Amino acid sequence: MCDPAATAPGDDSFAFRKVHDEPVTSLGLGHGGRAAVLNGNTARLFDGKRWVTLEPALPSGTLQIFFGRDNEPRVMGFSPRESGEPAQVYLRCRNHRCQPAPDEIGRLGGARGALYGVLGFDDPEVVCRVGQICLVKRLSGWKSITAHAQPARVLLSAGTAFALHSDRVERVNDAGFVALEPARSFHEPRGVALQPNGVIWVIDEAGTKLARLESGKWQDEPSPLRSARALWARANDDLWLVGENGAARFDGKRWSCVAAAPGPLEFVLGNDDQVWLAGQSGTFRGERVRSLRNHD
């Protein structure tokens, strides 16, 4: 398990406080202190000072919330229908209201078909319709690749999009989704993070192990948290993990527990000055605190 100490003396640390009590089913992080969460069919925006409920209520279904490049929330996913074919959900939220925005996803805009993918500030954004195509959206232009037969969880880390399946992890390139190399089997991978130095971390074995791809070799180690759920890399020596019993931080040598953010947690996102953690236990915001040593 992780060391109870939060950080080593002289290192930058993050002071956490709880900012939202309700359970969270999706977390999105914007610029300028903005964040957004889903709780079932309710979306809420934190504008840097207060929480605002977005209207109208969302349809029931499999939904995620993101921030688009305009620093406004997007809701994407699908809602079941009696006919058996799901209804797509793609909403742009402005002025505290969320409305359909099919124009943002080109030929995928429409009423039917399950959408999945990832949106954000960094290239690439990936929007897929099950069984058809994915649009890989870069500032330099859009490309089309083949979508999966079933929805996959797509994550964006350090400018690379990854797709998680029950038995494999893929990354996106110009040819499409390709399995990570060297080949290895996975069992219910839950999260992935790419560090700036090229090291890839994967939560494997239903959250009980971490697999690390470094210098072309896979290495496995026990997870410092029970039922780990998500990873986020801030730097080569700064990796964050969340799970059933809270959050932990890796400084390149050891894991340290984050005592101020108890679990269960399922999401972690951040930037240079903030780290956001969320899950069934609510939402926690960590703000960067620089030590006196760093100001010498």
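1. β20 pairs with strand β21 (residues 217-222) in the antiparallel sense, over six bridges. Within this pairing, Lys209 stands opposite Pro222 in β21. The two strands, β20 and β21, form a hairpin with two residues between them. Ser215, in that turn, has a positive phi of about 55 degrees. All of this is read from a predicted model.

2. β20 (residues 209-214) is also joined to strand β19 (residues 200-204), by five bridges and again running antiparallel. Ile203 has Leu210 in β20 as its bridge partner. β19 and β20 make a hairpin as well, with four residues between them. Here the turn residue with a positive phi, about 55 degrees, is Glu205.

3. On confidence: the protein averages a pLDDT of 93, and 95% of the residues score at least 70. Two stretches should be read separately. Over residues 6-10 pLDDT stays under 50, and the model has eleven contacts beyond four places in sequence for them. Over residues 292-296 pLDDT also stays under 50, with six contacts beyond four places in sequence.

4. An open sheet is formed by four strands in the order β6-β7-β8-β9, with antiparallel pairing. β6 (62-67) and β9 (97-100) stand at the edges and have a single partner strand each, so one side of each is left without a neighbour in the sheet. From one strand to the next the twist averages 25 degrees.

5. Within that sheet, strand β8 (residues 87-94) and β9 run antiparallel and are joined by four bridges. Arg94 stands opposite Arg97 in β9.

6. The largest pocket has a volume of about 920 Å³. Its lining comprises 39 residues, of which Leu156, Trp232, Val268, Leu269 and Gly270 lie nearest the centre of the pocket. The elements giving two or more residues to this lining are β2 (26-29), β6, β14 (153-157), β18 (191-194), β22 (230-235) and β26 (267-270). By residue class, the lining of the largest pocket divides into 23 nonpolar, eleven polar and five charged.

7. The second largest pocket holds about 430 Å³ of space. It is lined by 21 residues, and those closest to its centre are Thr25, Thr62, Leu63, Gln64 and Arg153. Two or more residues of the lining come from each of β6, β7 (73-79) and β10 (115-118). The lining of the second largest pocket divides into ten nonpolar, ten polar and one charged.

8. How many cavities of 30 Å³ or more does a search of the whole structure find? The search finds one, and the volume of the largest cavity is about 40 Å³. Its lining is made up of Val136, Arg138, Lys143, Ile145, Val172, Asn173 and Asp174. At least two of the lining residues are supplied by each of β12 (133-138), β13 (141-146) and β16 (169-173). The residues of this lining divide into three nonpolar, one polar and three charged.

Note on methods. Residues numbered from 1 in each chain as written. Predicted model: local features only at pLDDT ≥ 70, side-chain atom pairs only at ≥ 80, totals over all residues. Heavy atoms only, no water. 1 Å grid on protein atoms, 1.4 Å probe; cavity = no way out; pocket = protein on both sides within 12 Å on 5 of 7 lines; lining within 4 Å. Points joined across faces, edges and corners; volume = space filled by probe spheres on them. Nonpolar A, V, L, I, M, F, W, Y, C, P; charged D, E, K, R; others polar. Pairing = 2+ DSSP bridges. Axes fitted to C-alpha atoms, helices over the stretch in contact; angles between N-to-C directions. pLDDT = per-residue confidence, 0-100. Contact = heavy atoms within 4.5 Å.
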